[in-house]
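This report describes selected helices, a surface patch and aromatic contacts. Please consult the sequence and the structure shown below.

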Amino acid sequence: MVSTPLPRTIPGLAAALAAVAVALATHALVPWLPAMTIAVVLGIVAVNLPGTAGLCDGPWRAGLNAAGKHLMRAGIVLLGLKLSLADIAALGWRTGALVVAVVLLAFAGTYALGRLFRLPGDTPLLIATGFAICGASAIGAMAAVKGTRTRETVLPVALVTLCGTLAIGVLPLLMHPLGLGPVMFGQWVGAGVHDVGQVVATAQTAGAAALSAAIIIKLTRVVLLAPMVAAVGVFERRRHVRSARLAAASPATGSMAATAVSPARFPPVVPLFVVGFLALVTVRTLGWAGPGLVDAAGLAQDVVLGAALFGLGSAVRVRELFHSGLRATLMALCAWVLIAALALAAVHLMGR
């Protein structure tokens, strides 16, 4: 693959960074709106407005594509500094096991719904990963391992943003009717809402205790990103190996097909950005990162993930989304209800 020359990416990257500045400023003024959600929405608006649509499809496109791919991976790496295995271990084995169960059941259930609704290609897998683990970041990680084209990640990112935004408005309204105290509400949000920013925005409506509980549960889910992506990486590599062997054994297509799936093109068992993510988790767990470094890394993560999400959002054309995404939207809403129910059941089990 030929990389895009750096000068061609500068206009699009500059536009993405400007959008991040707007998103962060808006979040500072309206804290219940997550900056990452705003960044996606700004990208969608930019590509659908007559004045900026031509820029998104023209001089900005190379930089926006680069942001959606490379900056997304950088943001996943930096996410590792938010995670301390000691905090997660403090939850206890019972709570940890319940969180893992919720993630696995949410992943399996959402994937099954995607197949039931006959969503094409890798869409069921990407939606299941995003809904079960950590939103757009998880979608980007899984797409990188699967080799999914950036364009095919647009619908899953849009859906995880839609449902996460709905959670911010709907879940706080259900807190008292469901008889949840602040801690239980925070646990429910942490176990059932997709993106980290959406979790914070939802849980903080119930106070500091709810927010603290939500973040710990949520970060426990985020840790599962690495083993899940690694498992898919192993599966993909084995699939490529089988394809290469079958091609080599075929007398009709032998050399040409074997070259097409040569070992050099096999996906890595564990992608480099996942290794970086785990390395920074280790750094945080061992206490090698001081508060200043963690805060700086958090800001850097917001910037690069925001730019990546603006880039992904800039590929969402509303007319096409309404034309082809209604079935997927219905499926995502069903998955959202399923995950909320699984998370609520797990919270009641945690309290026993």
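**Surface patch**

Val170 lies in helix H9; helices are DSSP runs of H or I with at least four residues, numbered from the N terminus. At 32% relative accessibility, Val170 is classed as partly exposed, a term for values between buried (under 20% relative accessible area) and exposed (over 50%), with a 1.4 Å probe and protein chains only.

The model is predicted: local features need pLDDT of at least 70, side-chain atom pairs count only at pLDDT 80 or more, and totals for chains, interfaces and linings use all residues. Residues are numbered from 1 along each chain as its sequence is written, and side-chain values use heavy atoms, without hydrogens and water.

Together with Leu162, Leu166, Leu174, Leu178 and Leu333, Val170 forms a nonpolar surface patch of about 390 Å² accessible area. Helix H9 (residues 154-174) contributes the most to this patch, with four residues.

**Helix H7**

Twelve of the twelve residues of H7 are buried, so the rest of the structure largely encloses this helix. Gly135 follows H7 and has a positive phi, near 65°.

**Aromatic pairs**

Two aromatic pairs are present; ring centres must lie within 6.5 Å, and planes under 30 degrees apart count as stacked, over 60 as edge-to-face and the rest as tilted. Phe107 and Tyr111 are stacked, at 6.5 Å centre to centre with 5° between the planes. Phe107 is buried at 17% relative accessible area, whereas Tyr111 is partly exposed at 30%.

The ring centres of Phe185 and Trp188 are 6.3 Å apart and their planes are at 70°, so this pair is edge-to-face. Both Phe185 and Trp188 are buried.

Conventions. Helix = DSSP H or I, 4+ residues; strand = E, 2+ residues; numbered from the N terminus. Patch = residues over 30% accessible without salt bridge, like charges linked within 9 Å, V, L, I, M, F, W, Y side chains within 5 Å. Areas by Shrake-Rupley, 256 points an atom, 1.4 Å probe, with all protein chains shown as cover. Salt bridge = Lys/Arg side-chain N within 4 Å of Asp/Glu carboxyl O. Phe/Tyr/Trp six-rings, centres within 6.5 Å; stacked < 30°, edge-to-face > 60°.
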